[in-house]
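Let's take a walk through this one, from the fold as a whole down to a few side-chain details. Have the model open as you read.

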Amino acid sequence: MIQLQAVDIAIILGALLLVAGVAAYNTYLANSHSNEETTVSEYFLAHRNVPWWAVAGSLFASNIGNEHFVGQAGTAAHSGLAVALYEWLASYLLFLLGYVFAPVYMKNKVTTIPEWFEVRFSKEARGVLAVMCLFGAVVTKISASLFSGALLCEVVLGIDFWTSIPFILVFCGGYTMIGGLTTVVYTDVVQALIFTTGGIVGAIVSLNAVGGWSSMKETFALKEYTSDFPHVIRGTSSEFAWTGMFFGQMLGSIWYWCIDQEMAQRVIAARTVRHAKGGTTFAGFLKILPPFIIAFPGMAARVMYERCSNSNGAEFSSWCSSTNPEINLDGPAADKAYLFLITRLFPTGVVGLILVSMIVSMMSALASVFNSASTVFTVDIYQRFYKPKASNKELLFVGRSFTLVMVGFSFLWLLAIKSQTNGIYLITQNIQTHIAPPLAVVAIMGIFWPRINSQGAIWGIVSGVVVGLGQYIPSLIYEDQCKNQNNFGLVFACMHFNHYASLVGIFVFIVTAGVSYAYPEPENWKLTGIVQDDMNTCEMDALNDSQNDVKAHEEPKTEMDMVVGDQKSSNTKDLLLNLTTAVMLLSVTVVIVLFR
């Protein structure tokens, strides 16, 4: 627990007022020019007019919640840098989102990803995905943010989270409900700037305290258990085995980055396909940062803990578990590593900056969940299955009302967190990882394989979820035995799910393909928008984008001159974008190789 100084309080209040001002301004803009014809488009997709830089900032902010400062830093303190692969590999998935999925979604002009599932497969497939999207939002994403927020309040501030988090929930729910995606996206950008700045400052202070990266590596090399902490590529017996991280984990993450409504909604709302690609490329660059500003400080905390132990308290005396039992970073307390940095290391001013960074990261994550869930419920449940002819005004009312429902679910989660241990939180988080791979496999097959039909898709998803949960339930039952298991009979129950996910993916592929070929081919109209015939659309979109950029005083003399000039401009922009994307992918690859 710390006592906030006046400087810290001023920084926190100033940043929160900035966020509130941006939210209020964009909420005003979102509602000042709405009418009966455009309200729904504005509310759910910001008039499909989000520029590339806002797409990037919102993707980044929606992904980085305060659970990253708690969970990722904690995992780095306990197991080292391997957790960074979750961030760095995401850059490749952002490329996939921008260059494969976004053109398909945007060509079909869908509002939600479940809607595309109906376009490609069937109404039933849409319903299945809509339910799973809502389940993921209500049960897993909200709980992750609130659980880490509760730790922040109780460990750092020493206050009951009922005195602070409800206010944050009401504030986030309020501006999301009134302003819709427009407010959420542009508020995300400001929040991303705040928590990135705070993270960089925190990383500098942390690494400087332990003597930098080379000094950290020297400390880790002293013990066999920590010797591989500086490396991201681990052996097949490790919790972060490279086989699981590069295959099974990537498969599950395709669901999160490319299919889940929360992320995909940002690119669907982009001005053009080029803006969507530019946004995902810039977001790919941004995803290089989190390990440096979150995981590295967590590892620095572990270094202080190790040096205190090795020197019998001569170094970093406040970090010894012998005198401070709650600071055992070799055990469950590792999740509090970043919070311990706040209470034991960061100076006045930095404390305020870090705290407000964690607060706004939680706000951005919650607002994104509220907005995406209300979109799915309104468009895919209420309008599609209950009242297809609902007016714009009615749909807007339903969307805003469901945002309030999401806030209500959040309060129920606060009760669960208060009355339970972290057991219910961990169970719900793990369920999501066990049901994601089938959705990713079916979506990819639907894009690249025209022969896949609705029957194959539904059987693939349902059977994949059953098979995924079929391993999850035994893993819960035999959890204690798996920690020290030498029994061959427990191999299935104790298999790490990043490995099991690959097997689930293969199973779903076989089922989806087999069932599809047992039924007639899908109708031709269901194949519009898949990758094979999407490239021309992308080129036309790029050309139209260039035509919109032509200035009045630069009008060509003839129609032919206009076409040629626009085509040259379009080609130049596409070339620069593709080169930038290539640099992003190369940069991520180089970083992974350097820390291998």
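Predicted model: local features only at pLDDT ≥ 70, side-chain atom pairs only at ≥ 80, totals over all residues.

Numbering starts from 1 along each chain as its sequence is written, and side-chain values use heavy atoms, with hydrogens and water left out.

**Overall make-up**

The protein chain has 23 helices and zero strands; both are DSSP runs numbered from the N terminus, helices being H or I with at least four residues and strands E with at least two. Of its 596 residues, 57% count as buried, where buried means under 20% relative accessible area, exposed over 50% and partly exposed in between (1.4 Å probe, protein chains only). The accessible surface comes to about 24,200 Å², and carbon and sulfur atoms hold 64% of that; the areas come from the Shrake-Rupley method with a 1.4 Å probe, and for residues only the protein chains shown count as cover. Among contacts (heavy atoms within 4.5 Å) with a separation of 6 or more, 83% are between residues 24 or more positions apart.

**The disulfide**

How many disulfides does a search of the whole structure find? It finds one, taking a disulfide as a pair of cysteine sulfur atoms within 2.5 Å. Cys 308 and Cys 320 are the partners, with 1.6 Å from S to S. Cys 308 belongs to helix H13 (residues 290-310), and Cys 320, twelve residues apart from it, to the loop between H13 and helix H14 (337-344). The link is left-handed, with -110° about the S-S bond.

| Cysteine | Relative accessibility | Class |
|---|---|---|
| Cys 308 | 0% | buried |
| Cys 320 | 5% | buried |
| Cys 133 | 5% | buried |
| Cys 172 | 0% | buried |

**Aromatic rings**

There are 31 aromatic pairs in the structure. Rings of Phe, Tyr and Trp (its six-membered ring) pair if their centres lie within 6.5 Å; planes under 30 degrees apart count as stacked, over 60 as edge-to-face and the rest as tilted. Phe 292 and Phe 595 have ring centres 5.9 Å apart and planes at 65°, so they are edge-to-face. This pair links distant parts of the chain, 303 residues apart: Phe 292 is in helix H13, and Phe 595 is in the segment after helix H23 (559-594). Phe 292 is partly exposed at 28%, whereas Phe 595 counts as buried at 15%.

Another pair, Phe 497 and Tyr 500, is tilted because the planes sit at 50°, with the centres 5.6 Å apart. Both lie in helix H21 (residues 497-518), three residues apart, or about one turn of the helix, and both are buried.

Phe 292 and Phe 595 also turn up in one aromatic cluster with Trp 88, Trp 213 and Phe 296. Elsewhere, the charged end of Arg 451 sits over the ring of Tyr 517, 4.7 Å from its centre; that label needs NZ of Lys or CZ of Arg within 6 Å of the ring centre and within 35 degrees of the ring normal.

**Nonpolar cores**

A nonpolar core is a set of buried Ala, Val, Leu, Ile, Met, Phe, Trp, Tyr and Cys residues joined through side-chain atoms within 4.5 Å. The largest has 166 residues, and Phe 101, Phe 117, Ile 259 and Ile 342 have the most contacts inside it. A second, separate core has nine residues, including Tyr 43, Phe 44, Tyr 382 and Leu 396.
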